[in-house]
Amino acid sequence: MSYLELAGLQKRYGNSVAVDDVSLSVEQGEAVALLGPSGCGKTTTLRMLAGLVAPDHGAISLDGAEITRLPAHRRNMGYVFQSYALFPHLSVARNIAFGLEERGVARQEIARRVDEALALVRLAGLGQRRPKELSGGQQQRVALARALVIQPSVLLLDESLSNLDAKLRDAMRHEIRSIQRSLGITTLFVTHDQVEALTMCDRIAVMHRGRIAQIGGAEDIYDRPATRFVAEFVGRANVLPIQRDTQGRASVWEQALPVEAAMNTDLFVRPQRMRIVPVSEPVGEGMARLTGRVLRSVFVGDHVEVLVEGGGGQLTVEMPSGIAIPAEGAEVAVVWPHAESRVFAREAP
Ligand SMILES: Nc1ncnc2c1ncn2[C@@H]1O[C@H](COP(=O)(O)OP(=O)(O)O)[C@@H](O)[C@H]1O
Ligand SMILES: [Mg+2]
């Protein structure tokens, strides 16, 4: 049994199912992301873990003991809310001390642990300020310190970085990840941002319509998506309709491709896995190939996106910048390792 176990959790609101049969095992010290679009049940799952929402079905256990019906204050979980939820009229230090005061920890011990927590999140010396006298990133750190100071069994973070600007968010990602690692604290991290999930966690659970669509490491999720939803939601993908000819062979853009020729399917290939080569170049072993015409190229800093058109459709190839980009209108071949091809059924409209 893992340190934290969610087994068949379900939560309904009226007729709609917010969380539907979610099971997840998290090892001690592991950081797992719940990644998915708005409304897919991430927050509800986190709130069930924290004891803020009661599941209709299923069980939660922590360190071998069932906690499904245990009240929130007896679970020892640190929760960082999306809105930070700091008390505006209390000093930073009192905000952080709150959970310790609730637990009846001695005054001197509180002072020592608050100082430690402030240092941990690099806010030493700012304990007497009010939250509104801090920047967004600093308030975020107060919320984190407040969750960590109780030495929680599990740290729960709900979209905790989404209110920060891009640069600060990037810095905080690394900072939170390194604190999480150095404390070895078991963490569930809710986000709709795939980069956040990929950079901050050991494993990712992709959620879709209240269910977990796939659980795995970043590379599993990215390179071996289990469902069409995962392939579309995580990273970018070229989606090319597959035609099936009368002999049952598959083609894309009326060019034969060695993929499965089932009806109503699309071929998915990541733009980064594709390369552009001269049409005259022989097709390498294990490579798939389509020919087309360069529509345009867009320089995006660290790479160039080349849009290629053929047979009425388009695809994007992501090439490292600095290498020669074919001119607009040029006939080119697009090649990729055949093993990078994924085929998914088209969804009913
Ligand atoms: N208290 C509530 N009452 C009614 N519906 C809710 C409540 N909380 C969440 N929901 C619904 O449950 C679904 C999942 O919500 P939530 O867990 O907040 O998703 P996420 O955090 O992934 O955006 C949504 O359709 C949402 O509208
Ligand atoms: Mg949410």
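Visitor: At roughly what angle do the axes of helix H4 and helix H5 cross?

Guide: This is a predicted model in which local features need pLDDT of at least 70, side-chain atom pairs count only at pLDDT 80 or more, and totals for chains, interfaces and linings use all residues. Residues are numbered from 1 along each chain as its sequence is written, chains are lettered from A and ligands numbered from 1 in the order in which they are written, and side-chain values use heavy atoms, without hydrogens and water. Helices are DSSP runs of H or I with at least four residues, numbered from the N terminus, and axes are lines fitted to C-alpha atoms over the stretch in contact, with angles from 0 to 180 degrees between N-to-C directions. The axes of H4 (residues 136-148) and H5 (residues 166-183) come within 11 Å and cross at roughly 15°.

Visitor: Why is H4 described as roughly parallel to H5?

Guide: Angles under 35 degrees count as roughly parallel. The crossing angle is roughly 15°, and therefore H4 is, relative to H5, roughly parallel.

Visitor: Which residue places a polar side-chain atom 2.8 Å from an oxygen atom of ligand 1?

Guide: A polar contact is a pair of N or O atoms within 3.5 Å. Backbone atoms take part at Cys40, at 3.2 Å from a ligand oxygen, and at Gly41, at 3.1 Å. The side-chain atom at 2.8 Å belongs to Thr43.

Visitor: Which helix gives the largest share of the shell around ligand 1?

Guide: The surrounding residues include Lys42, Thr43 and Thr44. Three residues of the shell, its largest share, come from helix H1 (residues 42-50).

Methods: Near = heavy atom within 4 Å. Polar contact = N/O pair within 3.5 Å; in protein donor to acceptor, adjacent residues only side chain to side chain. Helix = DSSP H or I, 4+ residues; strand = E, 2+ residues; numbered from the N terminus. Parallel < 35°, antiparallel > 145°, perpendicular 65-115°, else oblique.
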